[in-house]
Amino acid sequence: MSTSSTVVEETHELEPHILAGRARAAVILFIISDVMSVMAILAAGGYLSALNVLNQYRVPGDHPPSFVLGLIVAIVIILSALSYYVWGRGAMSDERGVGQSALLIAAFVLMLAATVIQIIMGLTLGYAGNPYHAYESVMILVTWYSAIHFLLSAIVGLLLIGRVMRGRMAGRGFLVEASGYWWYYTVIAGLLMWIFTLVLI
Amino acid sequence: MAEPNIEGNGGGATPARGEPNHIRRAIILWVVLSIIGIVLVIVTTPVVLPPSASGLGNADNFTMAMLTVLSVPVALFVFVFLGYSVFAFKTNGRPTEDAVPDKPRPGLQIGFMGVTSALCLFLVIWGLFAFYQETSASSPRPVVIHATAQQWMWTFSYDNGATSTGAQVIELPVNQPVVFEVTSKDVLHGFAIRALGIRVDANPGEVTTTPQVTPTQTGTYLVQCVELCGLLHSYMWEAVKVVSPQEFNTWVISQGGHP
Amino acid sequence: MSEATQVRRSSLISNLFPSVVSGIILGVIGAVVCGLVVGALVQDNQDAAVVAAYTGWTIFFFIGIGAFNGVWKWGFARRDPTHAEELQLAGQNQGLWRYFRFTTDHKVVGMQYLATVLFLFFIGSMGAFMIRLEQSVPGAIFFDPSTYNTIVGMHGIIMIVSAIIMISGPFGNFILPIMIGARDMAFPRLNALSYWLLFSGLPIFLSTLFLGGFPTGWTGYAPLSVQELTPGMDAYCFLIIIFALSTMVAAMNILTTVLVLRTKGMTWGRLPIFVWGVVLSVLLGLTAFPSFMVSQIMVLMDRVFQTSFFLAASGGSNWLYEHLFWFMGHPEVYVIALPSMAAAAEMAAVFSRKALFGRRMMLSGLIGIAIISFLVWGHHLYTSGANTPLDAPYMLDTELISIPTGFFFLGIIGTIWRGKLWMTPSLLFVCGMLVNFVIGGITGIYLADLPTDEILHGGMFVTAHFHFTLVGSMVFGFFGAFYYWFPKMVGKRLNPMLAKLHFWLFEIGFLGTFLSLFYAGLLGEPRWSANVAPSYAVPNLIASLFAILIAASVFTAVYNVIITLRSGEAAEANEWGGKTLEWTVPTPVPLENFEHLPVVTSTPYDYGTPSLSEDTEGALSPLPSPSQPQAQAEG
């Protein structure tokens, strides 16, 4: 049999609609998995609240994280999502795929800022500790889990910026779309977790 | 290597004349073995199952026997048809032709679904009924015993004031209902008296209750921890004696209570 | 002369870096540095130092093995990788070194998984034999209770981890992409990542032996797992988090692959049932494992940061742990079961030379199992006291799951019935699987039933039940698949007599051991007994004696593999006459699998129907059906 390596080389590239389907499927599956983890945390919080074991679930003095910082983070991530969205629309209709890269950079910077503020929120919770009560434990977990997710999105944003700077976005609209799903999911999940900290009794 | 294909029979043929009716043979084998198996189960169950010392335990043992009787034909269905196939249909080495494809048999699949659903429904109803019976049994004045688990021993205190700690034996009066309220001081433990047929976890910060049970046989039995609780989990058992009411009263007084 | 030595030296360096060697070296450095730094910053908190060390190990291991290179390049490289670079990453021309690197070729990853699974089964078995040794006589004779509890826990977790990956890892990676007519998985780099995540978790887990072991058994129940006994517990929690990440990445990869990379003509209706089994299994894993991961994050937080998710004194509850754990724990056994059952179906068809009986019924069985498996976890909490208005519905759906399971096994029996049975070792293992599953499945009913669970929960009856289902059925399915696909993966023929000896020793030993343990459970013996009470001595001794046969079977299989690797006969490309696509490619399977991607025209189960093909003159002629696969090569 002859070395038909040229045939193999020609046929190894995936077609564009397959690349797009692949990206979409992957990010949606990843989001499903993450949703399950978020739901586990929220359910845990509600369950412990309902059980109120030995009446020690929440004692006077156990407060939610700083409302002001939470509000700032909420606004910042919404702005970040909006910035990404506008960039994305431009990038998908631009033949070089880069759109207005300043908007992408803004989205990234805002997400990074949200991460930093969230970390500050975590470090200044002001709980007595040793041991933390169940309510405080849930708040701690929700606060830091959100911080990690903002950080993950920021990293995705940074990598996208890299590609945009190197001019490797042509024909890669699906990357903008798929990363967008993750970006918006992070923002929505973050807002949901913030509301949870406000309403959990 | 492989010979040319068989005269493929697209729709699946009925057995040629002269070929034994495999299905009929297998079914007969199945029925015969099932009857033998059911008889064996009924005869051996009282020997295999440990004797129970309460009505509840007896009911549970009966349920186990019933489940085993029902499972005999189910298990034999698989064993017989599989075993028969292996003996009747195996080839010597690599087959030289394909097997005749099956006729589609929707009746078999629907029938199978019907039978298994009916079995399942029966089991659920039986289980619910038995469970309801045991949890709704209530007498106005059971002996209430508080069992506290800790690593790695049980502490008991009776409502009548008797207490027992460490490896001391506890006693229960025969033919009187008793109920245990169980908790733990540290980690999860499991409170079980196999002979009486009761079991419930011991959770820190919670009090859980066993079903009410009436011991019917005197004797010495075991309280065991059945939830892994660390280092000496498998040493965390104590003796429980079921005794006559007079002996029980004597014991209660000796443990600091008033009968 | 000196040029030659120079060339040799540099190729050794380029072989070693990046590779698993550099990964381990950097990982160890990272672990030591992070552990010492945190240990110095936070006094009196051994758990913090240990967890920091594990985190350092993981991050630096992946730096060392070159996993982050791809991430960096994705964003900041000047150009996309060329085809030649992709092939280089896939291990082209690297000989055996490619197995020790972050290699992306799905066949390499499949072999890595296979080697790891066999290794884990081996050490897990050694743990089992130690358990049986201790339980053969009453009293804690051979091991002190702390060591025994650690052995039990390690045996449990090692075996569970192996069972979860045993089919999807080796065969889901090596065989599945070829089976659907693809050149590789959807995300080759993530594929390598999922394997190396698993690998990186193993030294973490084994370090528990030097940190005092852990007392909780494989379920890691809190609050026992939160007690400040030894830092050995942290190894368990961290392994689970890493393993959950590995599983979720692999699940996403497999699902995406089957969604978008099926070749032309490979509709969902023509997909081999093995692919369906793996797809459903990883879908379960993707959705169920996050709660497991969250539970372990919470345990680590309780241990390191003194939170109180599970400590009653500050408002926590062990019931929370039980719910989080079993929400994963129940679908998890179907993660284990579905690929094994589906592989058994493939083998049943090939070795009976007959189409699957009731293929759609079997498929709906798999789907039914997958859906119901999410609704039954409460049966692990029947006796927890965590009530119980839901106990009755849980009993209902636990019993219900037996119906779709029955469909599936009816299908396998119907396939075998009136087939032309080629009694290969694989078919023997399939038969063993059916026999054992009937026993395992039926005893599950005893446990599903509320009143009988009262007397059986937490006892050896449960242990025997899950060994019958997970080991007697699913691990048997693994060995069947191992003997089935080994000729394709390795290119050599395993000795069939030794393989059959492996089966018989395993089956007889297994039945003897675990039927005895059923009896011990009926008598009331609790699980996790370092100290077996004298009343249970006889069944335990019998079980331990039969376990010797299982040990003999393990060594028989190991011997078979070793002599085959050294001097085995070469296998044919289509060793068994199968019809799925992997049997149409040559052995060894070339990089990128297919010269031309195949076009599929039928299911791979059309045995007994004459099939036609054009020869070079254009005339139609019947081809021998056993060697006619489901696809016609294009052009």
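This is a predicted model: local features need pLDDT of at least 70, side-chain atom pairs count only at pLDDT 80 or more; totals for chains, interfaces and linings use all residues.

Reader: Which residues of α5(A) and α6(A) make the contact?

Author: On α5(A) they are A:Met139, A:Val142, A:Ser146, A:His149, A:Phe150, A:Ser153, A:Val156 and A:Leu160. On α6(A) they are A:Ser179, A:Trp182, A:Trp183, A:Thr186, A:Ala189, A:Gly190, A:Met193, A:Phe196 and A:Thr197. Sorted by class, the contact of α5(A) with α6(A) has ten nonpolar and seven polar residues, and no charged ones.

Reader: How is the geometry of such a pair described?

Author: Two packed helices are described by an angle between their axes and a distance between those axes. Here the axes of α5 (residues 134-166) and α6 (residues 173-199) of chain A come within 10 Å and cross at roughly 160°. Angles over 145 degrees count as roughly antiparallel, and α5(A) is therefore roughly antiparallel to α6(A).

Reader: What are the angle and the axis distance for α2 of chain B and α15 of chain C?

Author: Helix α2(B), residues 55-89, packs against helix α15(C), residues 402-416, at about 25°, and their axes are 9 Å apart. The two are therefore roughly parallel. Their crossing is left-handed. From α2(B), the residues B:Val78, B:Phe81, B:Leu82 and B:Ser85 meet C:Phe409, C:Ile413 and C:Ile416 of α15(C). This contact of α2(B) with α15(C) has six nonpolar residues, one polar and no charged.

Reader: How many residues are in contact between chains B and C as a whole?

Author: Chain B contributes 77 residues and chain C 79. On the side of chain B that touches chain C, the elements giving two or more residues are α1 (22-48), α2, α3 (106-136), β6, β7 and β9 (219-225) of chain B. The largest share, 15 residues, comes from α2(B). By class, this side of chain B has 42 nonpolar, 22 polar and 13 charged residues.

Reader: Some of those elements are strands. How do strands of a sheet pair?

Author: Strands pair through backbone hydrogen bonds, either parallel or antiparallel. Chain B has an open sheet of five strands with mixed pairing, in the order β4-β10-β9-β6-β7. At its edges stand β4 (170-173) and β7 (198-202) of chain B, each with a single partner strand, so one side of each has no neighbour in the sheet. On average, neighbouring strands of this sheet are turned by 25° against each other, direction ignored.

Reader: How many bridges join β6(B) to β7(B)?

Author: Five bridges join β6(B), residues 189-193, to β7(B), and the two strands run antiparallel. For example, B:Gly190 has B:Asp201 in β7(B) as its bridge partner. Towards β4(B) and β10(B), residues 237-243, helix α4(B), residues 245-254, lies across both strands and runs at about 140° to β4(B).

Reader: What does the radius of gyration say about chain C?

Author: A compact globule of 635 residues would have a radius of gyration near 26 Å, and chain C, at 25 Å, therefore agrees. Its C-alpha atoms fill a box of roughly 85 × 70 × 45 Å along the principal axes. Chain C has 20 helices and four strands.

Reader: How many residues does the contact of chain C with chain A take?

Author: The contact takes 40 residues from chain C and 45 from chain A. On the side of chain C that touches chain A, the largest share, seven residues, comes from α11(C). That side divides into 22 nonpolar, 13 polar and five charged residues.

Conventions: Residues are numbered from 1 along each chain as its sequence is written. Chains are lettered from A and ligands numbered from 1 in the order in which they are written. Axes are lines fitted to C-alpha atoms, for helices over the stretch in contact, and angles run from 0 to 180 degrees between N-to-C directions. Angles under 35 degrees count as roughly parallel, over 145 as roughly antiparallel, 65 to 115 as roughly perpendicular and the rest as oblique. A crossing is left-handed if the near helix is turned anticlockwise from the far one by less than a right angle, and right-handed if clockwise. Two residues are in contact if their C-beta atoms, placed from the backbone, lie within 7 Å. Ala, Val, Leu, Ile, Met, Phe, Trp, Tyr, Cys and Pro count as nonpolar, Asp, Glu, Lys and Arg as charged, and the others, Gly among them, as polar. Two strands pair if DSSP finds at least two bridges between them. The radius of gyration is taken over C-alpha atoms; the globule rule is 2.2 Å times the number of residues to the power 0.38.
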